[in-house]
Amino acid sequence: MLGNVSLIIATSIRIISNPFSNVFQKTLTKKGQAPLMVNLISYTLLSLIALFFIDYKSIPTLSNNFWLYVVLGGFTGALGNGFIIMALEKEDLSILGPINAYKSVVGMIVAFILIREIPNQFGLLGIALIIAGSYFVLDQGTEKWSWSIFKKKGIQYRIWGLLLTGIEAVFDKQVILQSSIKWAFIGWAIFGAIFSLLFILFVNKDLLKGAKKMDATIVGNYLLLITCVGLMIVTTNYVFREIQVSYGLALFQLSILLSVVLGYRIFNEQHFSIMISTRFNARWGDVILGEGIESYCNIFNDCGIQK
């Protein structure tokens with residue numbers, strides 16, 4: 001019973017912290033912070049915190065598979081989050097958030113290939129509804145959907161972000177299976193910081209000069225950002241330890257509704273009522289994907305879901 005309550009609490013924190021982290025990321029880019037610098041500083045600050053939790057005596061006991069997956073997770077995570085912040089700079093939060101519904105689909109496919117997590121038949125129905133819901137999301141309520149929507153840089157960046165972070169989720173699950181939630185966080189932060197730095201050096205090392213251009217407000221936003229991201233990563237790792245990757249990602253997509261509300265209230269993004277009404281189609285897909293024919297309560301009772 002206590003485990004079920006802990007899982008519900010962790011999932012709830014994850015659902016809330018993710019869109020708020022996107023808010024602070026977008027706020028920082030609107031204040032002139034380069035997206036890749038936001039990515040690097042976030043990882044770097046969290047990696048400094050992670051150093052305090054390292055048990056150096058246990059490092060030799062970590063397996064080769066741990067190091068393989070933590071490096072792969074750091075690479076895909078750093079690139080993926082970099083693309084997500086670049087997308088937030090160019091497009092509305094309320095538009096980009098719902099596109100993330102596809103992440104549960106990516107996670108399902110990669111998890112099946114790498115760790116043989118097999119969803120039930122309702123997972124396939126969930127995929128269909130997620131795709132249908134995303135059709136309306138991209139429509140934005142102002143023009144008929146067309147493939148030209150993918151010509152937008154913000155949409156392209158977000159798709160790359162969801163693909164990479166969807167793959168990262170499976171690598172993170174493997175890291176957790178090979179070690180612990182604590183080591184998963186430490187590895188995510190440190191290797192994420194390393195690859196974020198390499199990403200900047202590869203793209204434009206002059207962006208590093210942006211670290212000098214900060215006032216108290218920007219510093220405050222960074223502190224709020226790493227608080228949200230830290231909570232998001234720890235709770236994500238806990239959920240992944242308990243249930244399948246695809247089901248966890250599906251549950252997390254409930255944050256889409258909060259993304260729409262925050263985009264409307266904080267950034268004055270338009271078409272609020274249309275976006276809210278069209279989210280529910282994709283949400284039903286995530287409900288079915290995340291639970292089969294049972295209720296969400298049954299997920300937390302391990303009904304029909306294998307870890």
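N221 has its place in helix α9, residues 216–242 (helices are DSSP runs of H or I, at least four residues, numbered from the N terminus). At 10% relative accessibility, N221 counts as buried (under 20% relative accessible area, with a 1.4 Å probe and protein chains only). Leaving aside neighbours within four places in sequence, N221 is in contact with F24, T27, L28 and K31 (contact means heavy atoms within 4.5 Å).

This is a predicted model, where local features need pLDDT of at least 70, side-chain atom pairs count only at pLDDT 80 or more, and totals for chains, interfaces and linings use all residues. Residues are numbered from 1 along each chain as its sequence is written, and side-chain values use heavy atoms, with hydrogens and water left out.

Now for α5. Its 13 residues should span 18 Å at 1.5 Å a residue, and the end C-alpha atoms are 17 Å apart, which agrees (the expected span is 1.5 Å times one less than the number of residues). Buried residues of α5 include V105, V106, M108 and I115. After α5 comes R116, with a positive phi near 55°.

Helix α5 (residues 103–115) packs with helix α7 (residues 153–178) at an angle of about 45°, the axes being 8 Å apart (axes are lines fitted to C-alpha atoms over the stretch in contact, and angles run from 0 to 180 degrees between N-to-C directions). On the α5 side, V106, G107 and V110 are among the residues making the contact, and on the α7 side, L162, G166 and F171 are among them.

Technical notes:
Helix = DSSP H or I, 4+ residues; strand = E, 2+ residues; numbered from the N terminus. Buried < 20%, exposed > 50% of the residue type's maximum accessible area, 1.4 Å probe, protein only.
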